[in-house]
Structures are given as structure tokens and as C-alpha cells.
Amino acid sequence: MAAQYQVNGSNAAEISASIEAGIRGGHFLFGTSLPAVRILAGDLHVSPATVARAYQDLRQRGVVESEGRKGTRVRSRPALALLRSDLRPSIPPGMRDLSSGEPDLRLLPRLGPALRAVADRGEPPRGYAPESVLPELAAAARSRLRAEGIPVDGAAITVTAGALDAIERLLLAHLRPGDAVAIEDPGWANLIDLLAALGLRPVPVAVDEQGIDPAALAGALRAGARAVVVTVRAQNPTGAATGADRAVQLRELLTGHPGVLVVEDDHAAELADREPHCIGPVTSSWAFVRSASKPFGPDLRICVVAGDETTVARVAGRMRLGMGWVPALSQQILLHLWQDPEVTALVAGAARAYAQSRTALRDALLAAGVPARGETGINVWIPVPDETRVVSALRDEGIAVAPGSLFRIGSGPGIRITVSTLAEAEIPVVVAAVEAAIRPRGVVSPMR
């Protein structure tokens, strides 16, 4: 906390607002501890209960997090729009950025031709009461999912503004603040942050190369989890993919918990180099979520949601009370991209390129005695003994990677390396740098 910033307020709402303003303005560093409840209460001449209520409000809104006796600290990614752009560590010029978790922008299809093709159809303007999903897009989505073995016959289909939007709406359709949600650990940082912002309680579940661990999920269900979010393939950050046998195990387990909401996230979609193995529908509430952002670009904020009729109806109905619908123009563009053979070939080529880079880096790390995971997707996960030291050592050598703390709840430390822009010639240099960072006596070839 900046020395010049003073928290003020005479009640819980004012104290909470003051701390929030300090975070927005950059006076509180992410991850640093807030003053102890009794100390801040003494400084402000209020009761400890008043400060505790302020901290509770901030926790429920995903701004801070508690660590038991370690106190309360600002979340690494608080649910706030920030006023300053320099609050997160930037990537200095010349630094090789392998931390982004994003596809290679050079391998994304251009949206201009699709936009022109849609415009040239000359369709009349649409009013304010459209269908939530265009029938032709729903039919194409159903056909594509069915071809990959996703059980969509009899399922309802809608679209949302991206995968995270879909997951948020699905959770809100069935859960209330305080409910427990079983999520992968390590897992998607955005999902961890979303649960905090929604006031939902994450229950971490271990992940291996075959995806979510059945024994760990059984424990989470016994602990009261009312929903489970499973990444079908290209799990972020580990690259895990649910195997056929694992899907059967999870299906058998969840059959005994019919009231649990099961959300299957297929965010990588066409970019994943492994067929999806679906778990649901085995409970009364189920949804399969497939985003278009990874293969076709983040500007195309569309996610197809297939699931049971009640769940999908709740999602679509709630959208009508807010954003209304995903624009028909966006849906038409996605449909055009699906039907364009040149775009299909481009996306398939990108999937092959990512698979080649990921496999090459993972195998080279394993050959060097460095444990590494990455079955699918664009990331490689490396367990390390000391996250902070390894990340710092790699930055000293000109390589930026993502610290595992962004993705972990209770699992061990690690780093994530994104391979989407990694060239073959760079792999030996990265491997040597990682090996030396883990074992400091090694010799590192500079990346700069």
C-alpha cells in the first residue's frame, strides 16, 4: 500500500468504498495485504466488526481474498476496472513474451471477407425482438457438435457473448451466492476470478493428463459442490484433455448426483488437436459450451451453448432482460466462417502448428529432465519448486512466462509457457533457460 494513501470512513460502506478507490487508483499493489482488522479499526476509530464487514463486502465482490491467519489481501486480478494501466508487470521491449495464453494473431482468419459476404446478401434490417439464436446457426452448430460425438439430439441451443459469459449465466441460472462449485486446480484464472466476483465458493479438484480426477471430484461432491466446471480439452494451464475412459468414470460418478449442474467447457474448439469426450448429459442440468474466440478471433464474441431445455431457457431468458441477444450480424459472420473452406483450412493449419510447437517444447523439456505437461492446446505447464524465483530468473534472461499463482488454489507451484508464437529455433534456448532457472547452476543461453 502506498504510504501516502489513507483509508477513511466511519462505516463499513465508506471503508469498503475507500479501499476500492485505492485499488482503482493504484495505491494498493496487487497481492499485498490490507491492514489487520483491529489495526485499521483503531486508526479509523470504529469497531473491528465494522472493518470486518467492509472486508467481507470486498471479498464477496471479488476485490480481495482472505488467507486465514495470513489476513486479507488484494486479489491479483480484482473485479474492478482500473484507472491506471501500469498496475501489472509490463513486458519490457525486447522481452520474449511467452506468457499471454493467446493464439497467434497471424493465424486468425480475416473477418473482413466474411463481413462483406454477409453485407452483400442485402438482408433487411432487424427489429428489437429477434430470436436469441438464428435457426440456421443453431442447425449448423447442432450438426457440427453431433459430428464430434456431442449428444445434442434433443438438446436446446443458444448463443452467448463468449465462453466466460456463458459459464457466468449458467452458474447464475442454478446457484446462489455461497454455493460451492467444483473447479480444476490448477485451472482457468478467469473462472477463479468469476467465482469470487459472484460470491460462489470454489472447491479445487486435482487435474492430471486425462483431465479432472474422479476421486478428487467425488470429494468435492461430498463437500457439497452444487456445480462442476470441466474443461473438455486444451485445459488452461496444463493442456489436459478428458480421455474416453476418464469421461466414462466421471459419467458414472455424476450419475449419483442428479442435482449437480455440469458445465463442459470446450473453449479451444477447432484449435484442439484431440477429439472431445463428452461427460453429459447425466444430471438434470447440463451444458456444453463451445467458444468461437480462440479459432476465429476475440472480436467474434460468440459461444454456442447446448444443454437441457430448462437451463438453456434460463440463460436465453436472462439475456433478454440485459444485453438482449448476440447480434444477428455476428451470428451470420460465424456461420459464414464455418462454411468457408479456406477458413476451415486456415484454422486446421493453426491447430497443427500449435500442436507441433507444444509437443516439441514439452518433449524437449522432458528430455532435459524437466517435468512438463501439455497434451492439447497452446500451453505447457511446468511444476517448479519456487515460482517466484523461476519467473524472475527467466525474466532476467529475457523470457516472460505466466506464474502459476494466477491459476492455483491449493495445487503446487508451477509456470505456464504459451507456445502459440514459439518458433522451432527458440525451443532449445527456452529449454536451457527453464532448466537453469529450476537448477540455478545451469548455463543459460541468453534469449535477447
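## Overall fold

Of the 448 residues of the protein, 52% count as buried, where buried means under 20% relative accessible area, exposed over 50% and partly exposed in between, with a 1.4 Å probe and protein chains only. This is a predicted model, in which local features need pLDDT of at least 70 and side-chain atom pairs count only at pLDDT 80 or more, while totals for chains, interfaces and linings use all residues. Residues are numbered from 1 along each chain as its sequence is written, and side-chain values use heavy atoms, with hydrogens and water left out.

The secondary structure comes to 15 helices and 15 strands, taken as DSSP runs numbered from the N terminus (helices H or I, at least four residues; strands E, at least two). A compact globule with 448 residues would have a radius of gyration near 22 Å, and the 23 Å of the protein agrees with this; the radius is taken over C-alpha atoms, and the globule rule is 2.2 Å times the number of residues to the power 0.38. Along the principal axes, the C-alpha atoms fill a box of roughly 65 × 55 × 50 Å. Among contacts (heavy atoms within 4.5 Å) between residues at least 6 apart in sequence, 71% join residues at least 24 apart.

## Helices H1 and H3

The axes of helix H1 (residues 12–24) and helix H3 (residues 48–60) come within 8 Å and cross at roughly 50°, which makes H1 oblique to H3. Axes are lines fitted to C-alpha atoms, for helices over the stretch in contact, with angles running from 0 to 180 degrees between N-to-C directions; angles under 35 degrees count as roughly parallel, over 145 as roughly antiparallel, 65 to 115 as roughly perpendicular and the rest as oblique.

In this contact, Ala12, Ile15, Ser16, Ile19 and Glu20 of H1 meet Thr50, Val51, Arg53, Ala54, Tyr55, Asp57 and Leu58 of H3. These residues divide into seven nonpolar, two polar and three charged, with Ala, Val, Leu, Ile, Met, Phe, Trp, Tyr, Cys and Pro counted as nonpolar, Asp, Glu, Lys and Arg as charged, and the others, Gly among them, as polar.

## Helices H2 and H3

The axes of helix H2 (residues 37–44) and H3 come within 8 Å and cross at roughly 115°. Val37, Arg38, Leu40 and Ala41 in H2 meet Pro48, Val51, Ala52 and Tyr55 in H3, a contact with seven nonpolar, no polar and one charged residues.

## The loop at Glu275

Glu275 lies in the loop between strand E9 (261–266) and strand E10 (285–291), and is exposed, with a relative accessible area of 54%. Glu275 and Gly243 are 32 residues apart in sequence and 9.0 Å apart in space, C-alpha to C-alpha.
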